[in-house]
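Here are my notes on the model, point by point. Please read them with the structure open.

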Amino acid sequence: MGHDHNHDHTHGANKKTLMIAFIIITVYMIVEVIGGILTNSLALLSDAGHMLSDAISLAIALIAFKLGEKVANERKTFGYKRFEVLAAVINGVTLILIALFIFYEAIQRFISPPEVASTGMLMISIVGLLVNILVAWIMMRGGDTKDNLNLRAAFLHVISDMLGSVAAIVAAILIMLFNWGWADPLASVIVAILVFISGIKVSKSAIHVLMEGTPSNIDLNEIIKTIENTQGVKTIHDLHVWTITSGQNALSCHAVVDSNLKVQDCQKILQTIEHELEHKGINHVTIQMESKENPHENSILCKNNYKTNSHKHNH
């Protein structure tokens, strides 16, 4: 119960943080779009476009958190918590598409560089950087940008945008001092590379969750040892560890025990395992008990055994 309360508290803090960030980003995005048009700067317009994606990503993340609050039902037995992961995929793919678009626009400007109002570009970029720093600070201070995949995806949008503002500032200074018109599209290319990398990383992490891969913070061998070292457990098989949504990891397996154990003994074993695994980041545990004389052999997945090196076993 304590874990659920903590999860709900973190969820609420993440949602509030996203709402504040969304308002700030959206307001300044409008300013930057107008500034980019007036100064004819691709670096500013690409930064504004990225801010638009920030606003969209924050909105998607907010919707995901809201949908994630819906209770489980007979059609969605885990509820809608996975929508947060889907939102992270959407945001990751959006980052990749934005990066490709900026690449395309930059090539056009390398071929035919336009006149850029560098002073206006510099002023707007500095304000944009300050806005991004503020939003990033709010998200780091008020939300779980490390473990919550949905919030981390939105946070990466903001960080990439911050780097875009830095690039636009440098480009504006180079244009003012040396009249290097190519600095504007070059800054855009640098930003695009950073945005593309962020998009790949967050998409990869989200798809790993959707593929029900082992959570990155879980050591499978350590989990196996923890269960097998529990008094009464002989061996385990058909082990699966996956993420339901950020911060909620689940485990299921078959545990072979002595056939002479009583029901209350098995219950004590389960409680011990659940307690140990909760401290290792797994808060939803399902274990099927089997006697060593009559192990379960009906599951296809039983053929896939996850054993430590010291305990080789073929079911």
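1. Start with the surface. Phe 110, Leu 163, Ile 173, Met 176, Leu 177, Phe 178, Trp 180, Trp 182, Leu 186, Ile 190 and Leu 194 form a nonpolar patch there, with about 1,000 Å² of accessible area together. Areas come from the Shrake-Rupley method with a 1.4 Å probe, and for residues only the protein chains shown count as cover. Patches are made of residues with over 30% relative accessible area and no salt bridge; like charges are joined within 9 Å, nonpolar side chains (Val, Leu, Ile, Met, Phe, Trp, Tyr) within 5 Å.

2. Which elements give two or more residues to the nonpolar patch? They are helix 5 (149–178) and helix 6. Helix 5 supplies the largest share, five residues. Helices (H or I, at least four residues) and strands (E, at least two) are DSSP runs, numbered from the N terminus. Met 176 belongs to helix 5. Met 176 counts as partly exposed, at 42% relative accessibility. The classes are: buried, under 20% relative accessible area; exposed, over 50%; partly exposed, in between (1.4 Å probe, protein chains only).

3. A note on the basis. This is a predicted model, in which local features need pLDDT of at least 70 and side-chain atom pairs count only at pLDDT 80 or more, while totals for chains, interfaces and linings use all residues. Residues are numbered from 1 along each chain as its sequence is written, and side-chain values use heavy atoms, with hydrogens and water left out.

4. Confidence next. pLDDT is the predictor's confidence in each residue, from 0 to 100. The chain has a mean pLDDT of 79, and 85% of its residues reach 70 or more. Among the elements, helix 7 has the highest mean (92) and helix 1 the lowest (72). Residues 1–7 fall below 50; beyond near neighbours in sequence, this stretch has five contacts in the model. Residues 298–315 are also below 50. That stretch has 31 contacts beyond near neighbours in sequence. A contact means heavy atoms within 4.5 Å.

5. The largest nonpolar core has 48 residues. Helix 1 (2–39), helix 2 (42–68), helix 3, helix 4 (118–142), helix 5 and helix 6 each supply at least two of its residues. Helix 5 gives the most, with 13 residues. A nonpolar core is a set of buried Ala, Val, Leu, Ile, Met, Phe, Trp, Tyr and Cys residues joined through side-chain atoms within 4.5 Å. In soluble globular proteins, nonpolar side chains tend to be buried together.

6. Which residues have the most contacts inside the largest core? They are Leu 18, Leu 58, Met 121, Val 135, Met 139 and Leu 149. Leu 58 touches Leu 18, Ala 21, Phe 22, Ile 25, Met 139 and Ala 154, not counting residues up to four places away in sequence. Apart from this core lies another, of 19 residues; among them are Ile 236, Leu 239, Leu 251 and Leu 277.

7. Ser 160 lies in helix 5 and is buried, with a relative accessible area of 1%. Ser 165 and Ser 125 are 5.3 Å apart in space, C-alpha to C-alpha, and 40 residues apart in sequence.

8. Finally, charge pairs. The structure holds four salt bridges, each a side-chain nitrogen of Lys or Arg within 4 Å of a carboxyl oxygen of Asp or Glu. One of them joins Arg 109 and Asp 184 (3.6 Å, N to O). Arg 109 lies in helix 3 (residues 83–111) and Asp 184 in helix 6 (residues 183–210), so the pair ties together parts that are 75 residues apart in sequence. Arg 109 is buried at 13% relative accessibility, and Asp 184 is buried at 1%.

9. Another salt bridge pairs Lys 280 with Glu 222 (2.7 Å, N to O). Lys 280 lies in the loop between helix 8 (263–278) and strand 3 (284–291), and Glu 222 in helix 7 (residues 220–228), so parts 58 residues apart in sequence are tied together. Lys 280 is partly exposed, at 27%; Glu 222 is partly exposed, at 38%.
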